[in-house]
Amino acid sequence: MMIQFSILRGHSDTVSSCHFCYGDTKLLSCSYDKTVELWDVEKDFPIHIFEEQHTAQISDCSLTPDDRRMVTSSYDNTVKAWDMETGKILWTAEHDGIVTSCNISYDGRYVVSSSDREIAIHIFDSVSTTVVAHIYALLDGQDGRCCRRFFERFVMFTKSHSSCSFHLYFRGHSNAISDCWFTSDGHYLCTASWDKSLKIWDIKRGEFQCHEPVSLNEGHEGSVSSCVFSQDGELSSSLVVSGGYDKAVAIWDTDAGYKKLSLKGHWDWVTDVAISRNKKWILSASKDSTLRLWNVEKMDDVPSVTEIRKERGSKIAQCEQCERPFLCLQHSDSEMTSKCIFCRLSSPLRKILSLPPSVSPDL
């Protein structure tokens with residue numbers, strides 16, 4: 001049993017971002033070649049190209065929840081909003097430095113972008129482009145995409161302020177955090193890092209500041225560039241997908257906290273990853289100018305996956321706390337956990353981290 005995949009060729013430079021859209025029937029990608037391409041999943045080629053608007057590399061793209069509008073960020077110091085049907089520019093927002101990332105809030109009301117020169121997060125109305133807030137942050141080794149995705153979930157509390165400053169801590173990684181992604185309910189956060197690991201944090205009550213996260217290790221041979229949770233409705237996400245500078249895509253079982261499968265084939269860094277809502281498809285973007293669409297519907301039948309489960313003594317268990325079934329792996333000769341990873345995260349018995357140092361309000 002082998003994982004089937006398609007190679008999508010259409011860009012002529014690094015593909016910087018990728019998404020599923022239109023009910024998983026279409027794909028969206030942007031590139032350093034200054035274009036955005038809309039792909040048909042079944043045809044494997046672009047059905048529409050958005051071009052000749054940005055004058056430098058496009059760093060990121062994002063769609064509104066109804067897939068009617070798109071925003072793009074670029075090294076030409078702008079964020080642009082597009083009408084997906086007509087391809088026309090709706091508005092352009094100027095920044096003082098190159099714009100490293102952008103996103104649209106889950107309710108479609110706000111656009112969040114990050115600028116390298118100002119080391120700031122910009123929040124503005126997605127229709128009128130009225131500035132809601134500028135967040136100037138002292139960041140511990142975290143790039144724009146990570147910060148933009150983090151603040152996109154917490155944008156509402158800043159809407160009555162013109163600016164603010166704070167110190168953002170994720171004290172657990174030993175190197176820069178390159179990306180982050182929330183579960184659909186906003187309860188948990190996954191972070192990817194240059195230290196070759198991913199970590200899952202319980203952030204609902206701010207516990208990430210003092211409780212140790214769950215670590216996902218030994219999945220990549222180099223820095224991890226991107227991560228995404230699967231969308232499992234009301235249940236906690238069952239999968240994490242990550243991409244790395246080792247040219248590989250890793251699929252993680254979050255319940256058991258182990259790497260299920262590694263997808264290899266890209267010829268250069270994997271820059272971004274996405275997973276379809278039904279969890280049948282994984283999309284990866286790369287510095288090699290291509291996207292790959294992986295069919296993972298039957299990945300549990302892949303010999304390497306079944307072998308790992310046998311070696312580690314896996315079984316389907318019921319979490320003693322939330323009573324949800326989960327895949328339980330035996331970590332040693334005697335240790336078999338009785339809780340899923342999300343209930344272990346909320347356990348008061350986890351290691352307590354020291355609180356971060358205070359920061360002067362004048363900074």
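The following questions and answers go through a predicted model of one protein, from overall figures to single residues.

User: What kind of model is this, and which pLDDT cut-offs apply?
Analyst: Residues are numbered from 1 along each chain as its sequence is written, and side-chain values use heavy atoms, with hydrogens and water left out. This is a predicted model in which totals for chains, interfaces and linings use all residues, side-chain atom pairs count only at pLDDT 80 or more, and local features need pLDDT of at least 70.

User: How many helices and strands are in the protein?
Analyst: Helices (H or I, at least four residues) and strands (E, at least two) are DSSP runs, numbered from the N terminus. On that basis the protein has 27 strands and three helices.

User: What percentage of the residues count as buried?
Analyst: Buried means under 20% relative accessible area, exposed over 50%, and partly exposed in between, with a 1.4 Å probe and protein chains only. The protein has 363 residues, and the buried share is 54%.

User: What share of the accessible surface do carbon and sulfur atoms supply?
Analyst: Accessible areas come from the Shrake-Rupley method with a 1.4 Å probe; for residues, only the protein chains shown count as cover. The protein exposes about 16,300 Å², and the part supplied by carbon and sulfur atoms is 48%.

User: What percentage of the contacts with a separation of 6 or more join residues 24 or more positions apart?
Analyst: A contact means heavy atoms within 4.5 Å. Among contacts in the protein with a separation of 6 or more, the share from residues 24 or more positions apart is 48%.

User: How many salt bridges does a search of the whole structure find?
Analyst: A salt bridge is a side-chain nitrogen of Lys or Arg within 4 Å of a carboxyl oxygen of Asp or Glu. With that criterion, the search of the whole structure gives three.

User: Which residue meets Asp 300 in a salt bridge, and how many residues apart are the parts that the pair ties together?
Analyst: The side chain of Asp 300 meets that of Lys 260, at 2.6 Å from N to O. Asp 300 lies in the loop between strand E25 (290-295) and helix H2 (303-311), and Lys 260 in strand E22 (residues 258-264), so the pair ties together parts of the chain. Asp 300 is partly exposed at 35% relative accessibility, while Lys 260 is buried at 8%. The partner is Lys 260, and the separation in sequence is 40 residues.

User: Where do Lys 287 and Asp 268 lie, and how many residues apart are they?
Analyst: Their side chains form a salt bridge with an N to O distance of 3.8 Å. Lys 287 is in the loop between strand E24 (281-286) and E25, Asp 268 is in the loop between E22 and strand E23 (270-275), and the separation is 19 residues.

User: Which residue forms a salt bridge with Lys 280?
Analyst: The closest N and O atoms of this pair are 3.7 Å apart, and the partner of Lys 280 is Glu 297.

User: Is Thr 191 buried or exposed?
Analyst: Thr 191 is found in strand E16. Beyond four places in sequence, Thr 191 touches residues including His 173, Ile 177, Trp 201 and Cys 227. The C-alpha atoms of Thr 191 and Cys 227, 36 residues apart along the chain, are separated by 7.1 Å. With a relative accessible area of 0%, Thr 191 is buried.
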